[in-house]
Amino acid sequence: MKISLNRINDDFLFECSNSAGNKILLDNASLPDAKGVSPMEAVLMAVAGCSGIDIVSILKKQRQGITDFSAEVEGERIPKDDAKVFKTITVNFSMSGDIDPKKAYRAAELSFEKYCSVSKTLEPNVEIKFSVKVNGELVEKN
């Protein structure tokens with residue numbers, strides 16, 4: 001796996017691309033005219049995307065009828081030396097369709113316990129929590 005990063009303005013705007021040519025913009029989000037996401041926001045996006053791919057894949061294999069899927073992610077940061085690292089990340093999934101709530105919760109659980117490489121990379125230092133809503137109803141752990 002390899003990405004490239006190129007500075008594209010006189011400040012902090014960077015274009016990152018993968019080997020397939022897909023791109024994202026990173027910027028210093030503390031600037032009022034930031035044109036990209038901050039690197040730490042990109043980490044939260046990566047957690048949501050990685051686990052989202054896992055959950056949708058698991059549910060599709062179980063023939064669950066997903067008509068809508070979204071996630072909101074929040075990260076709590078704390079100072080560590082001169083940096084501000086994530087202490088906790090909370091991912092709140094919401095999905096709609098003909099979905100068994102128990103299967104949806106289990107899919108999320110499997111993602112974070114076993115499959116999501118992003119959260120597994122962060123796991124030694126960051127507590128990752130999640131919730132699942134199916135058709136507007138919060139699903140409790142079995």
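Modeller: Start with a definition: helices (H or I, at least four residues) and strands (E, at least two) are DSSP runs, numbered from the N terminus. This is a predicted model, where local features need pLDDT of at least 70, side-chain atom pairs count only at pLDDT 80 or more, and totals for chains, interfaces and linings use all residues. Residues are numbered from 1 along each chain as its sequence is written, and side-chain values use heavy atoms, with hydrogens and water left out.

Colleague: How many helices and strands does the protein have?

Modeller: The protein has 3 helices and 7 strands. From the N terminus, the elements run β-β-β-α-β-β-α-α-β-β. The C-alpha trace spans about 50 × 35 × 30 Å along its principal axes.

Colleague: On to sheets. Which strands make up the open sheet of 3 strands, and in what order?

Modeller: First, the rule: two strands pair if DSSP finds at least two bridges between them. Here the order is β1-β2-β3, and the pairing is antiparallel. The twist averages 25° from one strand to the next.

Colleague: What does that angle refer to?

Modeller: Axes are lines fitted to C-alpha atoms, for helices over the stretch in contact, and angles run from 0 to 180 degrees between N-to-C directions.

Colleague: Over how many bridges do β2 and β3 pair?

Modeller: Strand β2 (residues 14-18) pairs with β3 over 4 bridges, in the antiparallel sense. Find Glu 15 in the structure: Leu 25 of β3 stands opposite. Then find Ser 17, which stands opposite Lys 23 in β3.

Colleague: Which residue takes a positive phi in the hairpin of β2 and β3?

Modeller: Gly 21 does, with a phi near 90°. There are 4 residues between the two strands of this hairpin.

Colleague: Now the sheet of 4 strands. What is its order, and what is the pairing?

Modeller: This open sheet runs β4-β5-β6-β7, and its pairing is mixed. At the edges are β4 (65-80) and β7 (137-139), and each pairs on one side only. From one strand to the next, the twist averages 25°.

Colleague: How many bridges link β4 and β5?

Modeller: There are 15 bridges between β4 and strand β5 (residues 83-98), and the pair is antiparallel. Take Asp 68 as a case: its bridge partner in β5 is Ser 96.

Colleague: Helices next. What describes two packed helices?

Modeller: Two packed helices are described by the angle between their axes and the distance between the axes. Take helix α1 (residues 39-61) and helix α2 (residues 101-115). Their axes come within 9 Å and cross at roughly 130°.

Colleague: What word describes how α1 and α2 lie to each other?

Modeller: Angles under 35 degrees count as roughly parallel, over 145 as roughly antiparallel, 65 to 115 as roughly perpendicular and the rest as oblique. α1 and α2 are therefore oblique to each other.

Colleague: Is the crossing of α1 and α2 left-handed or right-handed?

Modeller: A crossing is left-handed if the near helix is turned anticlockwise from the far one by less than a right angle, and right-handed if clockwise. α1 passes α2 in a right-handed crossing.
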